Amino acid sequence: MKKAYLGIDPGVNGAIAVIWGDGIIDAYKCPKDVNKMALLIKKVANHCIVENYQLITGIERVWTLPRDGRKGAFTFGMNYGMWLGILADNRINPILILPKEWQSMLKRFKIPKDYLDKKRKLKQIAQKYVEFKVTLATADAILIAKYLKENKNAER
């Protein structure tokens, strides 16, 4: 059976990316509306059923930091919870992946510590794997999907 790898960066400014068995990658910025988020997952799940793909899904396991502030932390946690709920509604059991897990495959690229420099570098790396323009929003999701495909231990 062919496999599809769905990577989810659950932040409000995150995205989802799918690597299909033949190597084609699709990436979508996180919709601002929960119904559109659900439709996006339904679209991927239905495509897997029609094309006979086994869907391997990973979502970045995230948390807030004290410096995030109450409103930011609430919004961030709410988006993460919505993705988990949507996946559960579609009977998709995701693999929870720590940022350090999927970023470990990128050691050879010397990722900077500074947040913005790090995001720019991840975008630059993700661009190597796709034909379309990668954005700061879609870069992490693409790399999470790539991690799932390359790391067979992730399919626990």
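Ile24 has a relative accessibility of 48%, so the residue counts as partly exposed (buried means under 20% relative accessible area, exposed over 50%, and partly exposed in between, with a 1.4 Å probe and protein chains only). The model is a predicted one, in which local features need pLDDT of at least 70 and side-chain atom pairs count only at pLDDT 80 or more, while totals for chains, interfaces and linings use all residues. Residues are numbered from 1 along each chain as its sequence is written, and side-chain values use heavy atoms, with hydrogens and water left out.

**Surroundings of Ile24**

- Ile24 sits in the loop between β2 and β3 (25-29); strands are DSSP runs of E with at least two residues, helices are runs of H or I with at least four, and both are numbered from the N terminus.
- Ile24 is in contact with Val18 and Ile19, leaving aside its neighbours within four places in sequence; contact means heavy atoms within 4.5 Å.
- Ile24 and Val130 are 106 residues apart along the chain, and their C-alpha atoms are separated by 8.1 Å.

**Overall layout**

- The protein chain has five helices and five strands.
- Read from the N terminus, the order of these elements is β-β-β-α-β-α-β-α-α-α.
- The protein chain has 156 residues, of which 42% count as buried.
- Among contacts between residues at least 6 apart in sequence, 61% join residues at least 24 apart.
- The protein chain exposes about 9,000 Å², and carbon and sulfur atoms supply 55% of that area; accessible areas come from the Shrake-Rupley method with a 1.4 Å probe, and for residues only the protein chains shown count as cover.

**Nonpolar cores**

- In soluble globular proteins, nonpolar side chains tend to be buried together.
- A nonpolar core is here a set of buried Ala, Val, Leu, Ile, Met, Phe, Trp, Tyr and Cys residues joined through side-chain atoms within 4.5 Å.
- The largest nonpolar core has 25 residues, and Ile97, Trp102, Leu106 and Leu143 touch the most other members.
- Two or more residues of this core come from each of β2 (15-19), β5 (95-97), α4 (115-127) and α5 (136-150).
- Helix α5 gives the largest share of this core, eight residues.
- Apart from this core lies another one of 21 residues, among them Ala4, Met37, Val44 and Tyr80.
- Ile97 touches Gly58, Ile59, Glu60, Arg61, Trp102, Ile144, Tyr147 and Leu148, not counting residues up to four places away in sequence.

**Salt bridges**

- Side chains of opposite charge can pair when their charged atoms come close.
- The structure has three salt bridges, each defined as a side-chain nitrogen of Lys or Arg within 4 Å of a carboxyl oxygen of Asp or Glu.
- Asp117 pairs with Arg120, with the closest N and O atoms 3.4 Å apart.
- Both Asp117 and Arg120 lie in helix α4, three residues apart, which is about one turn of the helix.
- Asp117 is partly exposed at 36% relative accessibility, and Arg120 is partly exposed at 48%.
- Lys119 forms a salt bridge with Asp140, and their closest N and O atoms are 2.8 Å apart.
- This pair links distant parts of the chain, with Lys119 in helix α4 and Asp140 in helix α5, 21 residues apart.
- Lys119 and Asp140 are both buried.
- Lys146 and Glu150 meet through their side chains in a salt bridge of 3.2 Å, N to O.
- Helix α5 holds both Lys146 and Glu150, four residues apart, about one turn of the helix.
- Glu150 has a relative accessible area of 49%, so this residue is partly exposed.
- Lys146 has a relative accessible area of 16%, so this residue is buried.
- Lys146 also touches Ile19, Met105 and Tyr129, not counting residues up to four places away in sequence.

**Cysteines**

- The structure holds zero disulfides, a disulfide being a pair of cysteine sulfur atoms within 2.5 Å.
- Cys30 is buried, at 4% relative accessibility.
- Cys48 also counts as buried, with a relative accessible area of 4%.
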